[in-house]
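Here is a short briefing on one protein model. Keep the sequence and the 3D view open as you read.

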Amino acid sequence: MLYEFTEDDLRSNQRGSVTPAQQAWLESFARGLVASHRGGWPVIIFFLLLGAGLILAMNLSNESTRRAFLADPTIAIVLCATLPVVLGIYGLSAIFTRRRAVKISNPVLKTAEGIIRLDEEHSRVGTTYYVFVGRTKFKFGVDMSHYFPDGRTCRVYFTETTIVRAVLSYELTG
């Protein structure tokens, strides 16, 4: 992801700090990350209840399957335990999402410097474009060759978490 930076942003990043506009952009991204995770819980509950309802309906549909279903209590225990297990996993993912959002909101400015090398990878879901600056790899969903010319020397100012590496500004140095 690439922030549309200004000369003031670049100068601030060169001094080792993030501008208020960059901070606001990162906080907005972090809020969106948490909101998108939070928006998934109704879907999870719906499909969890739908699945449990289908299992119960199939097992209680006639006399023989009802007898088999009620004869072994482990089936009912597993069915009842599914809801707390799924909600627990969702809760853990919410904790990790919030931690990632906090890291994004409190950026540590990093620098990568070196010769630019471009690469791309094609898959069924689309193309991923890679920009290597020295040994640091950045992923993008669009072709970035017009921003990062192959073979040029560049300095990139970025922040990162476990899965996100956000480019805040860059300068071509050679």
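Two strands pair if DSSP finds at least two bridges between them. With that in mind, look at Val 131, whose bridge partner in β3 is Phe 138. The model is predicted. The briefing starts with the sheet, then turns to the helices and one loop.

**The sheet**

- Five strands form an open sheet, and the 5 strands pair in the antiparallel sense.
- Read across the sheet, the order is β3-β2-β1-β4-β5.
- Which strands stand at the edges? They are β3 (136-140) and β5 (165-172).
- Each of these has a single partner strand, so one side of each has no neighbour in the sheet.
- From one strand to the next, the twist averages 40°.

- Strand β1 (residues 110-123) runs antiparallel to β2, and 8 bridges pair them.
- How many residues does the hairpin from β1 to β2 pass through? It passes through 2 residues.
- Ser 123 has Gly 126 of β2 as its bridge partner.
- Strand β2 (residues 126-133) is joined to β3 by 5 bridges, again in the antiparallel sense.
- Phe 132 stands opposite Lys 137 of β3.
- The hairpin of β2 and β3 also has 2 residues between its strands.
- In that hairpin, Gly 134 takes a positive phi near 65°.
- In a regular strand, side chains alternate between the two faces of the sheet.

**Helices across the sheet**

- Helix α1 (residues 7-14) lies across β4 (153-160) and β5.
- The angle between α1 and β5 is about 95°.
- Helix α2 (residues 20-38) also lies across β4 and β5.
- At what angle does α2 run to β5? The angle is about 150°.

**Two helices packed together**

- Two packed helices are described by the angle between their axes and the distance between the axes.
- For helix α3 (residues 41-59) and helix α5 (residues 73-105), the axes come within 11 Å and cross at roughly 165°.
- Angles over 145 degrees count as roughly antiparallel, so α3 is roughly antiparallel to α5.
- The crossing of α3 and α5 is right-handed.
- On the α3 side, the contact is made by Trp 41, Ile 44, Ile 45, Leu 48, Ala 52, Ile 55 and Leu 56.
- On the α5 side, the contact is made by Leu 79, Thr 82, Leu 83, Val 86, Leu 87 and Tyr 90.
- What kinds of residue make up this contact of α3 with α5? There are 12 nonpolar, 1 polar and no charged residues.

**The loop between β4 and β5**

- Thr 161 sits in the loop between β4 and β5.
- Is Thr 161 buried or exposed? Its relative accessibility is 12%. Buried means under 20%, so Thr 161 counts as buried.
- Leaving aside neighbours within four places in sequence, Thr 161 is in contact with Arg 100, Lys 103 and Ile 104.
- Val 164 is also found in the loop between β4 and β5.
- Val 164 counts as buried because its relative accessibility is 13%.
- How far apart are Val 164 and Arg 100? In sequence they are 64 residues apart. In space they are 9.0 Å apart, C-alpha to C-alpha.

Notes
Residues numbered from 1 in each chain as written. Predicted model: local features only at pLDDT ≥ 70, side-chain atom pairs only at ≥ 80, totals over all residues. Heavy atoms only, no water. Axes fitted to C-alpha atoms, helices over the stretch in contact; angles between N-to-C directions. Helix = DSSP H or I, 4+ residues; strand = E, 2+ residues; numbered from the N terminus. Parallel < 35°, antiparallel > 145°, perpendicular 65-115°, else oblique. Left-handed = near helix turned anticlockwise from the far one by under 90°. Contact = heavy atoms within 4.5 Å. Nonpolar A, V, L, I, M, F, W, Y, C, P; charged D, E, K, R; others polar. Buried < 20%, exposed > 50% of the residue type's maximum accessible area, 1.4 Å probe, protein only.
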